[in-house]
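Look at the structure first, then read on.

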Amino acid sequence: RVCAKIGIEGTSFWEFTGQRNWCNSVGYYWGPYGRQPRCPADKPSWCICKWATARWIAGEGCNDSVQFDCSATDVCDLKSSYTDFNVNLKPAHDCMMEKCPEQWANCPERRSSSYSWW
């Protein structure tokens with residue numbers, strides 16, 4: 001999972017992932033927080049799929065409007081993954097390496113040096 005600020009006004013996350021905006025809606029999940037609004041304006045971070053992260057960054061670029069919560073993100077899982085639901089994760093890799101360098105550097109190196117991104 002990748003945790004990012006997607007509940008902020010004007011985010012391009014929804015446009016580039018093709019999803020409808022579900023921030024401030026209730027998902028009816030289990031547990032003590034399951035009926036609270038998702039990514040409300042006062043706490044706009046939410047954990048999203050790797051494929052959605054890659055599509056967002058491929059469309060938006062790795063600029064200041066893409067804000068990760070590095071400590072809540074499973075950076076090593078992203079680093080060891082190449083595709084998610086047939087989406088190439090290279091844009092997410094490149095941006096995560098830039099925005100969360102400490103967490104990225106603390107992960108093991110990727111499995112294969114012969115891997116191709118296409």
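Lys90 is partly exposed, with a relative accessible area of 30%. Here buried means under 20% relative accessible area, exposed means over 50%, and partly exposed lies in between (1.4 Å probe, protein chains only). Asp94 also counts as partly exposed, at 35% relative accessibility.

The two residues form a salt bridge, with their closest N and O atoms 2.8 Å apart. A salt bridge is a side-chain nitrogen of Lys or Arg within 4 Å of a carboxyl oxygen of Asp or Glu. Both residues lie in helix H4, 4 residues apart, about one turn of the helix. Helices (H or I, at least four residues) and strands (E, at least two) are DSSP runs, numbered from the N terminus.

## About the model

This is a predicted model, in which local features need pLDDT of at least 70 and side-chain atom pairs count only at pLDDT 80 or more, while totals for chains, interfaces and linings use all residues. Residues are numbered from 1 along each chain as its sequence is written, and side-chain values use heavy atoms, leaving out hydrogens and water.

## Salt bridges across the chain

The structure holds 3 salt bridges. Side chains of opposite charge can pair when their charged atoms come close. One of the bridges joins Lys50 and Asp77, at 3.1 Å from N to O. Lys50 lies in helix H2 and Asp77 in helix H3, so this pair ties together parts that are 27 residues apart in sequence. Lys50 is buried, at 14% relative accessible area. Asp77 is partly exposed, at 27%.

Lys79 and Glu109 also meet in a salt bridge, 3.6 Å from N to O. Lys79 sits in helix H3 and Glu109 in the segment after H5, so the bridge ties parts 30 residues apart in sequence. Lys79 is buried, with a relative accessible area of 3%. Glu109 counts as exposed, at 66% relative accessibility.

## Disulfides

How many disulfides does a search of the whole structure find? The count is 5. A disulfide is a pair of cysteine sulfur atoms within 2.5 Å. Number the bonded cysteines in sequence order, and the pairing reads 1-4, 2-3, 5-8, 6-9, 7-10. Cys49 is in no disulfide; its nearest cysteine sulfur, that of Cys47, is 10 Å away. Cys49 is partly exposed, with a relative accessible area of 41%.

Cys3 and Cys47 are bonded, with sulfur atoms 1.9 Å apart. This pair links distant parts of the chain: Cys3 in strand S1 (residues 2–5) and Cys47 in strand S2 (residues 45–48), 44 residues apart. The torsion about their S-S bond is about 85°, so the disulfide is right-handed. Cys3 is buried, at 2% relative accessibility. Cys47 is partly exposed, at 35%.

## Two left-handed links

Cys70 is joined to Cys100, S to S 1.9 Å. Cys70 lies in the loop between helix H2 (50–60) and helix H3 (75–79), and Cys100 in the loop between helix H4 (90–99) and helix H5 (101–105), so the pair ties parts 30 residues apart in sequence. The S-S torsion is about -75°, so this disulfide is left-handed. Cys70 is buried at 15%, and Cys100 is buried at 0%.

Cys76 bonds to Cys107, S to S 2.1 Å. Cys76 lies in helix H3 and Cys107 in the segment after H5, so parts 31 residues apart in sequence are tied together. Here the torsion is about -95°, so the disulfide is left-handed. Cys76 is partly exposed at 32%. Cys107 is buried at 5%.
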